[in-house]
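Hello,

Here is the structure we talked about passing on. My notes follow below it.

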Amino acid sequence: MKAKSFWAKVVAVTFCFPVVYLLLLSVASHWIFPHVVPQSLTLNRWYSLLTGTNSLFGSLILSVIIALSVATVSTFLGFYTSKHIAYHRSRTLWLRLSYFPFVLSPVIYSAVLYYYFIRLGLSGNIVGVILGQLLIAYPYAVILFSGFWNERLRNIEQLVQTLGGNRWQTYKRVLLPMAQGLLLVCFFQTFLISWFEYGLTIIIGVGKVQTLTLKVFQYINAANFYNAALSSSLLVIPPIILLYFNKKFLFKRHW
Amino acid sequence: MLEAQHISKAFKNEQVLDDLNLQLHEHETLSILGRSGSGKTTLLKILAGLETPDAGRVLNNDQDVLSLPVHKRDIVYLYQEALLFPHLNVSENIAFGLRLRKTDGAAINERVNDMIQQLELEGMQDKMPHQLSGGQKQRVSFGRALITNPSVLLLDEPFGNLDADSRHSMQHLFKRIAKEFKITSVFVTHNVKEAILMGDRISNLKDGKLYIYPTLEQFLNAGENMVQEEIKFWQSISETKKNSN
């Protein structure tokens, strides 16, 4: 029991160390090798971020808007679409098509589609980036939900109808509550897909849509480690918060 | 009264129902006997609106219901499996149909409690479906269907998954409840004894056509149903026993 607890602590420390290191680097004003800890600390970067004077704040808000939009739309659209695919005659064909963006690789996929984004005036703006990311997140959601639908669930749906439930009531009172755990997993996963997306965002956004992930790479390329650490901390914190609030649904089945 | 007129249905090249006619009187239970794949489930699904016939009409109290959406037909279809909603407890499963109809909360509580007593499910109100036995699940499923007082109840081999004891107990419970609630129902089974026990009238679905027997005697004497096979079976058992003695 003690050994188990010891190894659990080792694993926890291993996972927490990079986050703590990033946070420490983000408040360091002077930290040069071979010093193990920073020689001096400053909260100026965090202060300028919270007061909105740092351009990272805008990127944070932009990333939150894009990730929430992509996660919400792909989760609900994926749920609805996967149902129709599951009961369709050509179910296998549609499911194979859902894998297409992943087989091709998201970056190549976006490069191939870039021409259409330019023609539609979606290149270099937030709507284009959201749509571009949806091209990845939406099929992912469809694949994730495809295992949820089966003959038994179809019978439950039909039973609800014969009991007097219309289509909306069937979704609201039965299908959505039954899929609650999976919906949260999907929302979380698609949020992360969008949150950490780089290649597709830089191609469709042509560098004009400055998400947090793009900022991290820019700071790293410019060897600005302290700001890279600050932006990386911002990049890591929301998924941790999301994971904390959803842990009971992500790791536990209720019925 | 529920009436099906000249119903035909084919899947690909297989004619499942062929110019089938059915009349179901108020407060009666019609047993439909048939072998697997004879079209029993297809017929029930057409009556419920879950399947569309290739030809024919379905009338409920002289109103053509074929064009009505399923949720407006007032015909409840019960599957072999209880299909309780896993996220709702026993009370909420039973109350489901009333909640859909936005019935007053106090009235729902009163009717659910009454139904729980009728179904002999006292003390089970707060249990979740996975905590119930097969028979208890089927009782809750009945309660959920009956509480909305549907004009017709369609039962598709509802006791098929139960063990012999639970099946026997559920048959008697259904008979009692059908009488008390004045239920109009179609009871589908492939079990001859169950068909005789549950039905006020008995019918046989064969080659896409439904043969309804006005009396039990006529059913027993008819040559083309499973009764004769059942009689032959028990006679052979009896003779074997005599010979061994």
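At what angle do helix α3 and helix α10 of chain A pack, and how many Å apart are their axes? Helix α3 (residues 55-86) of chain A and helix α10 (residues 180-195) of chain A pack at about 140 degrees, with axes 8 Å apart. Axes are lines fitted to C-alpha atoms, for helices over the stretch in contact, and angles run from 0 to 180 degrees between N-to-C directions. Helices (H or I, at least four residues) and strands (E, at least two) are DSSP runs numbered from the N terminus. The two helices are therefore oblique to each other (under 35 degrees is roughly parallel, over 145 roughly antiparallel, 65 to 115 roughly perpendicular, the rest oblique).

Among the residues making this contact are A:I66, A:V70 and A:F79 of α3(A), and A:L183, A:F187 and A:W195 of α10(A); contact means C-beta atoms, placed from the backbone, within 7 Å. The contact residues divide into 10 nonpolar, six polar and no charged (Ala, Val, Leu, Ile, Met, Phe, Trp, Tyr, Cys and Pro are nonpolar, Asp, Glu, Lys and Arg charged, the others, Gly among them, polar).

Between the chains, 19 residues of chain B are in contact with 15 residues of chain A. On the chain B side, β6 (75-78) and α2 (90-100) each give two or more residues, and that side has 13 nonpolar, five polar and one charged.

This is a predicted model: local features need pLDDT of at least 70 and side-chain atom pairs 80 or more, while totals for chains, interfaces and linings use all residues. Residues are numbered from 1 along each chain as its sequence is written, with chains lettered from A and ligands numbered from 1 in the order written. The model scores ipTM 0.88 and pTM 0.82. Chain B averages a pLDDT of 90 (the predictor's confidence in each residue, from 0 to 100).

Regards

How values were computed: Two residues are in contact if their C-beta atoms, placed from the backbone, lie within 7 Å.
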